[in-house]
Amino acid sequence: MAPVRIPIPAVGFNPPVYACNRATVPFQLDGKLDKPFWQDAPFTADFLDIEGTNLPRPRFRTRAKLLWDDEHLYIGAQLDGDEIWGSVTRRDDVIFQDNDFEVFIDPDSDTQQYYEFEMNVLNTVWDLFLPVAYRDNGSALNGYDIRGLRTAVFVDGSINQPSAANRSWSVEIVIPFAAITECLPQQRPPRAGDYYRINFSRVHWKTDIVDGQYKKQTDPVTGRALPEDNWVWAPTGVINIHYPELWGFVFFVDSSQEASTVVIPEDEYYKWELRKLYYAEQIHLDLHGCYCDQLEKLTDILTVYAPSEENRSLLPLPYVIETTSRTFVISCPTADRQRTILIYSNGKVEIK
């Protein structure tokens with residue numbers, strides 16, 4: 001098969017769901033998660049390899065938890081493992097050259113205008129805004145800063161000391177909703193029942209201990225560092241975290257009763273069907289230099305290029321495909337048939 005710009009994921013649409021409870025205890029920022037503030041916040045499932053369950057389980061356990069109030073989103077993460085090191089000390093440098101913890105937030109599930117945050121064990125941070133995903137020719141705004149951001153790190157061990165009794169490090173992140181809602185139509189914090197699309201990632205490099213220090217393992221031929229491990233909450237089925245359509249669902253709830261009833265809306269499953277056609281359209285462009293308005297040809301592309309069986313077929317929905325020489329729009333009705341879901345050639349999804 002010919003190479004493609006935007007590979008179809010090796011996982012289907014099965015994102016994790018997290019019920020985010022309200023904070024009920026005063027917060028003290030210190031990086032520790034074993035305190036009363038976090039008692040009502042369950043951990044997520046253990047992180048997996050970014051490519052999915054077909055890859056070996058990560059060497060070290062990683063979990064996260066969340067809470068919210070009227071003004072802030074609180075994130076905590078526990079990163080187990082004895083390889084605790086860091087070197088990046090300047091804000092907005094490329095943090096993932098160190099082991100790090102990362103957060104990705106799409107507040108309206110349109111797969112555009114989303115936020116990225118990274119931090120290392122030295123509490124150095126990197127925050128970015130992405131108007132459009134990289135795969136859709138987007139560029140990150142590196143000068144964006146999360147106003148009012150607060151972070152802390154707690155280390156159970158010692159940094160940059162391989163001989164120490166190192167066990168884990170944990171982080172706390174406080175993000176004001178006002179800093180991540182500017183692109184929403186009503187520019188408001190979430191309300192009970194609302195959901196954001198969120199993913200977490202842990203970058204972890206393979207290292208050796210040389211002269212009492214951590215040193216990245218390198219390829220014996222090229223001398224370059226071996227690829228980093230990417231462990232995530234919601235696998236994307238491809239070594240690229242910037243597939244927002246596969247991030248997890250974080251529902252904001254007021255009570256345990258609400259938490260027990262959260263469920264992914266049916267329209268989000270319909271969005272996924274349109275997304276598969278988006279992948280097929282991009283591959284058709286790679287192969288033929290144009291987009292395609294014939295559903296049969298697009299499904300044929302899915303049959304050939306989708307690496308998993310669940311992504312090779314489509315639900316029998318009344319799809320409408322409109323193309324020009326440079327763009328496409330694909331749509332279908334919402335589950336209640338009252339509105340229309342649309343996906344565009346630039347990756348954006350919306351409901352009108």
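**Close-up 1. A salt-bridge network joins R135, D136, E245 and R275.** In a salt bridge, a side-chain nitrogen of Lys or Arg lies within 4 Å of a carboxyl oxygen of Asp or Glu. By this rule, the count comes to 23 salt bridges. Side chains of opposite charge can pair when their charged atoms come close. This is a predicted model, where local features need pLDDT of at least 70, side-chain atom pairs count only at pLDDT 80 or more, and totals for chains, interfaces and linings use all residues. Residues are numbered from 1 along each chain as its sequence is written, and side-chain values use heavy atoms, with hydrogens and water left out.

**Close-up 2. R22 and D254 form a salt bridge.** The N to O distance is 2.6 Å. The pair links distant parts of the chain, 232 residues apart. R22 sits in strand 1 (residues 17-22). D254 sits in the loop between strand 14 (248-252) and helix 1 (256-259). Helices (H or I, at least four residues) and strands (E, at least two) are DSSP runs, numbered from the N terminus. R22 has 27% relative accessibility, so it counts as partly exposed. D254, at 41%, also counts as partly exposed. Buried means under 20% relative accessible area, exposed means over 50%, and partly exposed lies in between (1.4 Å probe, protein chains only).

**Close-up 3. E182 pairs with R147 in a salt bridge.** Their closest N and O atoms are 3.6 Å apart. Both residues lie in loops, 35 residues apart. E182 is between strand 9 (168-176) and strand 10 (195-204). R147 is between strand 7 (125-130) and strand 8 (150-156). E182 is partly exposed at 39%, whereas R147 is exposed at 51%.

**Close-up 4. D229 meets K206 in a salt bridge.** The N to O distance is 3.2 Å. D229 lies in strand 13 (residues 229-232) and K206 in the loop between strand 10 and strand 11 (207-210), so the pair ties together parts 23 residues apart in sequence. D229 is buried at 13%. K206 is partly exposed at 29%.

**Close-up 5. The largest nonpolar core has 47 residues.** A nonpolar core is a set of buried Ala, Val, Leu, Ile, Met, Phe, Trp, Tyr and Cys residues joined through side-chain atoms within 4.5 Å. L66, I75, F101, I173 and F200 have the most contacts inside this core. Leaving aside neighbours within four places in sequence, L66 is in contact with residues including W38, I75, F200 and V250. Contact means heavy atoms within 4.5 Å. A second, separate core of 36 residues includes Y270, A280, A306 and C332.
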